[in-house]
Amino acid sequence: MYEILFQAHSGLRFVVFFALVIAVILAFAGWFGNRDYTKGNKSLNLITLISTHLQVVLGLVLYFYSPFVQFGGATMKDSTLRYWTVEHVAMMLIAAVLITIGNAKSKRALNNVAKHRSIAIYFGLALLIIVIAIVLGGRPLLGISR
Ligand code: HEM
C-alpha cells in the first residue's frame, strides 16, 4: 500500500508541477499582454486546482504509511523526520490554499487583467513554495527518487 501511494503521489507531482508552470507563464503573459482570459486559461487553471487537491488527498493518506513520518521525541531533532512529518505538509498545504484562493479570486474578478493577475500572483507563489519544498526534501524536483 505504501509503495502504491508513494508512486502515485510521486508521479502526480509532475502533473501539478507542469500544469502550474504553464498556468503561471500564461497568466503573466495575459496580465502584461492585456490578453483575453480564454476558456483554455480557465480549464488549465481548473486542471491545476484539481490535480493539486488530488495530490493533497494522496499525501494525507500517504502520511499514515510513510516510515519518514514519526511522532516521537526524536522527530524534531532529525532533519529528515522533521521535514516529512512537519515541513513538507505545512509548505504543501500553504501552496494548495494559495492555488485555491487564486482560482476563486480569478472567478470573481471583473475583467481579464484582474483574472490573469490573481492567477499569476497566487499560483506563482504556490509554485515557488512547491519548488523550495521539494528541493528542501532532498528529492529530485523532476526525477524519480526510486
Ligand atoms: C501540492 C502538494 C504536494 C506536492 C507537490 C507534493 C510532492 C511530493 C514529492 C515530490 C514527494 C517525493 C516523492 C519522491 O521522492 O519521488 C512527496 C512525498 C511525500 N509527501 Fe507530498 N506533496 C504534496 C502534498 C503533500 C501533503 C499535503 C502531504 C501530507 C499531508 C504529503 C505527504 C507526503 C509524504 C508522507 C511523502 C513521502 C515521504 C516518503 O515516504 O518518502 N504531501 N510529496
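A: Helix 2 gives the largest share of the lining of the largest pocket, four residues. This is a predicted model, where local features need pLDDT of at least 70 and side-chain atom pairs count only at pLDDT 80 or more, while totals for chains, interfaces and linings use all residues. Residues are numbered from 1 along each chain as its sequence is written, and side-chain values use heavy atoms, with hydrogens and water left out.

The lining is made up of Tyr-37, Lys-42, Ser-43, Asn-45, Leu-46, Asn-103, Ser-106, Lys-107 and Lys-115. Helix 2 (39–62) and helix 3 (79–108) are the elements that put in two or more residues. Helices here are DSSP runs (H or I, at least four residues), numbered from the N terminus. The space in the pocket is about 170 Å³, a volume filled by probe spheres set on grid points joined across faces, edges and corners. A pocket is an open set of points on a 1 Å grid over the protein atoms alone where a 1.4 Å probe fits, with protein on both sides within 12 Å along at least five of seven lines; lining residues have an atom within 4 Å of a point.

Now the chain around it. It has four helices and zero strands, running α-α-α-α from the N terminus. Its C-alpha atoms fill a box of roughly 50 × 25 × 25 Å along the principal axes. Of the 146 residues, 40% are buried (under 20% relative accessible area, 1.4 Å probe, protein chains only).

Definitions and conventions
Buried means under 20% relative accessible area, exposed over 50%, partly exposed in between (1.4 Å probe, protein chains only).
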